[in-house]
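This report walks through selected local features of one protein model, heading by heading. Please keep the sequence and the coordinates at hand while reading.

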Amino acid sequence: MSLTIYNTLTRRKEAFTPLDPGNVRLYVCGPTVYDYAHIGNARPVIVFDVLFRLLRHVYGPDHVTYVRNITDVDDKINARAARDYPELPLNEAIRKVTEKTEAQFHNDMHALGTLDPTVEPRATEHIAQMCTMIDRLIAKGSAYVAEGHVLFSVSSMPDYGKLSGRSVDEMMAGARVEVAPFKKDPMDFVLWKPSKPGEPSWPSPGGIEAPGRPGWHIECSAMSAAHLGQVFDIHGGGIDLVFPHHENEIAQSRCFHGTDVMAQVWMHNGFLQVEGEKMSKSLGNFVTVHELLTGWQGYAWPGEALRFNMLRTHYRQPLDWTLVSLDEAHKTLWDWYGDVEAHEPASKVPQAIVDALSDDLNTPKVIAELHKLHGAKDFASLRAALGFLGFSGTRANIERKALDGAGTTDGADVDALIAARLEARNAKDFAEADRIRDELQSMGIVLKDAKDPQTGELKTTWEVAR
Ligand code: AMP
Ligand code: ZN
């Protein structure tokens, strides 16, 4: 059976035919390394890990190249470095932040059972390629220099906006397009910009004298071309990246290479929210992979349960991350693993599993098939299928550790502060609510807000930070 994938570019499910079956090429936008990855960031990593495994199965493990970049130049990195290491020169502080965050990212993603990509390029190692691209885009009339910036001229590309399927007017209304006096058109976007004193900087392209740094979009155009060539098979990322990031990657790459497409297929995972709400710091439902692994809602959760919970929802659907669903995911694995542990592994992955995955990564169908194998007591096949999907099938790996919520802090104090915070929130005094949260944090207490699934009421629990 052939592989079909939903292509954002054509808005259709299409049969997948690689440009070169000897080297199937996949690019996924990776993390900006300044803080722990949240559980939403883990979604593309897990989804494209499943795709990577499937492609390796179909075309052979040596015939797939998976590139996932690391964005290590960004304002958020600079700000974090200045905040966390005020005593160090900025560039040194930045290196500390990016190295630490990258290591955390790798630890977390390994815990989720994901394979390393074939290549993990860093933006700062591809500045020369970016400058070459920018100079050529200027020479071709697709970009121009203005006040120390280089901007891509959107009007130079007649079918700009094809991926998101929106008109320029809609794109302007829907996104925070930065209006700057030096832009010829408000939709024009930055390829290169000046660095502030002390910030990381490189010799500028476009004949600009002052050193500067690249914009975000050009990074992926340069890194994908360097490792996968002018046109490759699949480009992936979260749905939020369609516009402007992917639209702009396409514009740069196609104009630079003179090609009709940048990638044949564009895949986007849906957004993840937590307990029915958009994840946000002010709602208190922002949760990192690290927290889930070390303590969330009273438990340290095994990475395999996080992975399984993620795959219960089809990758293009919105996903609601809840305690109830995570708990169910954990219980199911626990049951399965108990049975498969006692049996020999099968030598072959059941075809029904490969077929379901080949249908646009239909993981809910895969899971229904796993339930069938379990119901039929075909534990050897179940075990083979679990292994294929990146699950160990070993109970020791999915022990869920209960945490002691009482700790050493007086529980009554904490409860009183939580009540005061709730009161402040109800009065919409969010500054006071945040102040109380910080006070609790300084006592080593982490708050967890969750909606009661029955009443919809907001409930706050707490635990001792570890
Ligand atoms: P960022 O570091 O924000 O650029 O995000 C890294 C990756 O995570 C991108 O592919 C995003 O699309 C994806 N992502 C960020 N937030 C979420 C979310 N809440 N749900 C699903 N994917 C997300
Ligand atoms: Zn990208």
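In which helix does P244 lie? P244 lies in helix α7, where helices (H or I, at least four residues) and strands (E, at least two) are DSSP runs numbered from the N terminus.

## Basis of the values

The model is predicted, with local features needing pLDDT of at least 70 and side-chain atom pairs counting only at pLDDT 80 or more, while totals for chains, interfaces and linings use all residues. Residues are numbered from 1 along each chain as its sequence is written, chains are lettered from A and ligands numbered from 1 in the order in which they are written, and side-chain values use heavy atoms, with hydrogens and water left out.

## Backbone details

The peptide bond that leads from F243 to P244 is cis, with omega near 5°.

Q297, in the loop between α8 and β12 (299-300), is buried, with a relative accessible area of 13%.

Because C220 lies in helix α6 (residues 216-228) and E249 in helix α7 (residues 242-257), the pair ties together parts that are 29 residues apart in sequence. C220 is buried, with a relative accessible area of 1%, and E249 is likewise buried, at 0%.

## Aromatic rings and charges

Seven aromatic pairs are counted, under the rule that rings of Phe, Tyr and Trp (its six-membered ring) pair if their centres lie within 6.5 Å, with planes under 30 degrees apart counted as stacked, over 60 as edge-to-face and the rest as tilted. The rings of F152 and F189 have centres 5.0 Å apart and planes at 15°, so this pair is stacked. F152 lies in strand β6 (residues 149-152) and F189 in strand β7 (residues 189-194), so the pair ties together parts that are 37 residues apart in sequence. Both F152 and F189 are buried. Elsewhere, ring pairs link F308, W336 and F391 into a cluster.

Two charges also sit over rings, a term that requires NZ of Lys or CZ of Arg within 6 Å of the ring centre and within 35 degrees of the ring normal. K281 lies over the face of F286, at 4.4 Å from the ring centre, and R400 lies over the face of Y299, at 3.7 Å.

## Pocket and cavity space

The second largest pocket holds about 1,100 Å³ of space. Of the 38 residues that line this pocket, the closest to its centre are K281, T288, E291, Q441 and V446. The largest share of its lining, five residues, comes from β15. On a 1 Å grid over the protein atoms alone, a cavity is a set of points where a 1.4 Å probe fits but cannot get out, and a pocket is an open set with protein on both sides within 12 Å along at least five of seven lines; lining residues have an atom within 4 Å of a point. Grid points are joined across faces, edges and corners, and a volume is the space filled by probe spheres set on the points.

Four cavities of 30 Å³ or more are counted, and the largest cavity has about 90 Å³ of space. It is lined by 15 residues, of which L9, K162, L163, I250 and R254 lie nearest its centre, and α7 gives the most to this lining, with four residues.

Note on methods
Buried < 20%, exposed > 50% of the residue type's maximum accessible area, 1.4 Å probe, protein only.
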